[in-house]
Amino acid sequence: MGGPSGEDKAVCAVVMLKCPSAELLARSRDHGVWGLSESAGTALAAVLERGKSGKVALVFSVNMSGHFQGYALVSCGSPVVRRRLDIWGGLPGAREFVFAVEVAWVLAFDLPFADAKHLRSEATNKGVQTTKHGQEMSLENGCALLQVFRSAAAKHGASQAPTPRHPIKLGGGSSGPSQAASGSADDGEGAGGPALSLGSMSFEDYAGLFDKFRVVSQREGAAAFLDQLESLGWQEKEDLCKALGKNDFLDACRIVCSMNNIDFSSSRERHLEHLYDQMAP
């Protein structure tokens with residue numbers, strides 16, 4: 001498994017997809033499809049159309065996990081269909097899935113960002129994990145990342161992703177991004193809807209949100225919680241602001257600070273208000 005497979009040799013583009021929930025990835029593998037927001041669906045459709053032949057690799061990373069979670073392939077020419085699928089349920093982030101595309105998962109396991117630290121963007125000189133959601137990596141970096149996946153899989157005995165148990169065939173469906181009106185780059189009030197409030201969240205959304213805060217607070221120990229919030233990537237900050245208005249964001253921070261024995265002083269609250277204003281898209 002260390003060398004490129006026949007399908008991987010046909011890869012003509014590599015796209016980063018940030019995901020708010022590992023459960024969404026599990027359902028994707030189970031059904032052989034992936035959901036996309038307005039902007040990400042439009043961008044992927046353009047990449048697939050440009051490729052004409054070959055395959056596009058989608059590299060997945062769950063927000064704030066510190067890992068890549070695997071990659072899947074999409075054949076150029078595959079339709080990006082405007083369709084909301086019931087399989088996502090009420091999972092965090094699923095509200096934004098207004099498009100769907102058929103995918104073939106190749107590998108599915110946690111690959112630490114550190115394993116790919118030698119791969120850096122020529123434009124920013126930052127690690128490839130900082131590639132924005134829906135954005136292409138350079139083909140050189142992207143193919144090198146797929147090789148890192150294959151090498152790690154061979155080293156740790158990880159097998160290829162199983163065949164979907166309940167595959168969904170999308171067909172042509174409703175008009176896709178190439179025929180629909182172009183989506184805004186901001187998915188907040190459009191496909192994704194307005195920010196939730198804590199009182200209106202489902203239990204799944206509520207649990208998912210606080211799991212994000214828990215992971216952040218434990219990265220370098222509880223005392224570094226605020227520093228970790230400030231060091232989140234662009235997509236991670238946007239996800240938090242989409243999920244919460246400012247008051248609910250402060251309430252969530254107050255709760256997490258209390259859970260980790262961090263003093264929530266008035267100066268800290270002002271600092272967090274300023275931080276939220278900076279993070280808001």
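Is Glu136 buried, exposed or partly exposed? Glu136 is partly exposed, with a relative accessible area of 30%, where buried means under 20% relative accessible area, exposed means over 50%, and partly exposed lies in between (1.4 Å probe, protein chains only). The model is predicted, so that local features need pLDDT of at least 70 and side-chain atom pairs count only at pLDDT 80 or more, while totals for chains, interfaces and linings use all residues. Residues are numbered from 1 along each chain as its sequence is written, and side-chain values use heavy atoms, with hydrogens and water left out.

Helices (H or I, at least four residues) and strands (E, at least two) are DSSP runs, numbered from the N terminus. Two strands pair if DSSP finds at least two bridges between them. Four strands make up an open sheet in the order E1-E3-E5-E8, and the pairing is mixed. Strand E1 (11–19) and strand E8 (104–107) are the edge strands, each pairing on one side only. On average, neighbouring strands of this sheet are turned by 30° against each other, direction ignored. Axes are lines fitted to C-alpha atoms, for helices over the stretch in contact, and angles run from 0 to 180 degrees between N-to-C directions.

Strand E3 (residues 55–62) pairs with E1 in the parallel sense over eight bridges. Within this pairing, Val15 stands opposite Leu58 in E3, and Leu17 stands opposite Phe60 in E3. E3 also pairs with E5, in the antiparallel sense and over six bridges; here Tyr71 in E5 is the bridge partner of Val59. In a regular strand the side chains alternate between the two faces of the sheet. In E3, Lys55, Ala57, Val59 and Ser61 point one way, Val56, Leu58, Phe60 and Val62 point the other way, and all are buried. Because eight of the eight residues of E3 are buried, E3 is largely enclosed by the rest of the structure.

Helix H3 (residues 38–51) lies across E1, E3 and strand E5 (70–75), and runs at about 155° to E3. Helix H4 (residues 139–156) lies across E1, E3, E5 and E8, and runs at about 75° to E1. The expected span of a helix is 1.5 Å times one less than its number of residues. For the 18 residues of H4, 1.5 Å a residue gives a span of 26 Å, which agrees with the 26 Å between its end C-alpha atoms. The buried residues of H4 include Leu145, Leu146, Val148 and Phe149. Just after H4, Gly157 takes a positive phi of about 75°.

Side chains of opposite charge can pair when their charged atoms come close. The structure holds five salt bridges, a salt bridge being a side-chain nitrogen of Lys or Arg within 4 Å of a carboxyl oxygen of Asp or Glu. One of them joins Arg27 and Glu23 (3.1 Å, N to O). These two residues are four apart in helix H2 (residues 22–31), and are therefore separated by about one helical turn. Arg27 counts as partly exposed at 25% relative accessibility, as does Glu23 at 36%.

Another salt bridge joins Arg165 and Asp30 (2.7 Å, N to O). This pair links distant parts of the chain, 135 residues apart, with Arg165 in the loop between H4 and helix H5 (203–218) and Asp30 in helix H2. Arg165 counts as exposed at 64% relative accessibility, whereas Asp30 is buried at 15%.

Terms used: Contact = heavy atoms within 4.5 Å.
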